[in-house]
Amino acid sequence: MDYKKLFDLTGKVCIVTGGTGYLGSENVKALKDFGATVVIADIRASEERWANAVQAEGDMFVPIDIADAESVRNCYKTVFEKYGRIDVVVDTAVFGAGFGIESQLEHMEDTTFMKGIDGSLGSAFRCVHEVIPYMKKTGGSIITYGSMYGVVSPDLRIYGDSDQRQPANYGAGKAGVQQFTRYAAGALAPYGIRVNCVIPGPFPNPKSKADNDGFNEILANKTMLGRTGVNHEMAGAVLLLASDASSFMTGSSITVDGGWTAW
Ligand SMILES: NC(=O)c1ccc[n+]([C@@H]2O[C@H](COP(=O)([O-])OP(=O)(O)OC[C@H]3O[C@@H](n4cnc5c(N)ncnc54)[C@H](O)[C@@H]3O)[C@@H](O)[C@H]2O)c1
């Protein structure tokens, strides 16, 4: 066994949805570093300012709207027509609903709740479902993104009325992503497609003002390691699941949360 080659992604075509985002952009860099051809798929990919900012990192930009099955289908079709295969999908993108007053459970409208569920769980379904016809030709690896708040509830006391408060639909949808991952793993195993989930803990984006207003410290104190995560710290789990190093892993979840959910 040549263990040095276990993580080698040479010849693999990887798509990162949300590839211009805080965690997604590091997924792109890590997969590239290990030899993959990497497609950045994002709703912002068609916007010049985003495309320019990350152009150096990826091999191709394809616009995708994870809210729309046809858009997801078109994205995969474009990639397949260009490269003739899709080996890995890292489904990092998310959208939410229920901010401001609606982030409080008692004020959330039914339609808002469902939109947020769609932004996490519905979009994960689309990103897995639409790649099946392509990936079943070669086998592959799909990595979904859960959240620590799909495992435990946010402690609402630390959020107060701040914009950082996660609405009720976010964690509910992310919990669903973890379960959907298990289902998809079972359903797609006969095609040689593995499906696993990564579960990030607190990774506040340093560019976000609210994250810098002392809130980080509150988050940091809730992890065992006493700090929040930095975006490159998700890459190890993603590389493991994308590569042959995880060839016997499917239906599993890898938690990267500094211990947040372990106590
Ligand atoms: N950052 C954290 O602390 C944290 C914690 C737990 C889980 N997560 C999960 O990790 C993933 C990445 O989070 P992040 O912090 O990088 O977020 P981010 O907001 O930086 O990135 C999200 C990306 O999704 C894209 N996007 C939004 N709506 C879209 C749509 N309709 N179609 C296509 N793309 C769309 C955005 O353009 C952006 O690039 C998400 O699934 C998130 O729920 C993040």
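Trainee: Which residues in α4 meet which residues in α6?

Mentor: This is a predicted model, in which local features need pLDDT of at least 70, side-chain atom pairs count only at pLDDT 80 or more, and totals for chains, interfaces and linings use all residues. Residues are numbered from 1 along each chain as its sequence is written. Contact requires C-beta atoms, placed from the backbone, within 7 Å. On the α4 side these are Phe113, Gly116, Ile117, Gly119, Ser120, Leu121, Ala124, Phe125 and Val128, and on the α6 side Ala168, Asn169, Tyr170, Ala172, Gly173, Lys174, Gly176, Val177, Phe180 and Ala184.

Trainee: Is α4 roughly parallel or oblique to α6?

Mentor: The axes of α4 (residues 110–129) and α6 (residues 168–188) come within 8 Å and cross at roughly 20°. Angles under 35 degrees count as roughly parallel, over 145 as roughly antiparallel, 65 to 115 as roughly perpendicular and the rest as oblique. Therefore α4 is roughly parallel to α6.

Trainee: What is α1 relative to α8, oblique or roughly parallel?

Mentor: Helix α1 (residues 24–33) packs against helix α8 (residues 235–242) at about 50°, with axes 9 Å apart. That angle makes α1 to α8 oblique.

Trainee: Which residues of α8 make the contact with α1?

Mentor: From α1, the contributors are Glu26, Asn27, Ala30 and Leu31. Their partners in α8 are Ala235, Val238, Leu239 and Ala242.

Trainee: Which residues are closest to the ligand?

Mentor: The shell holds 25 residues, counted where the C-beta atom, placed from the backbone, lies within 6 Å. The closest are Gly18, Gly21, Tyr22, Leu23 and Val94.

Trainee: Which element of the protein chain has the lowest mean pLDDT?

Mentor: pLDDT is the predictor's confidence in each residue, from 0 to 100. The chain mean is 93, with 93% of residues at 70 or more. Where pLDDT is low, the predicted coordinates should not be read in detail. Strand β6 (residues 193–200) has the highest element mean, 99, and the lowest, 60, belongs to helix α2 (residues 48–54).

How values were computed:
Axes are lines fitted to C-alpha atoms, for helices over the stretch in contact, and angles run from 0 to 180 degrees between N-to-C directions. Helices (H or I, at least four residues) and strands (E, at least two) are DSSP runs, numbered from the N terminus. Two residues are in contact if their C-beta atoms, placed from the backbone, lie within 7 Å.
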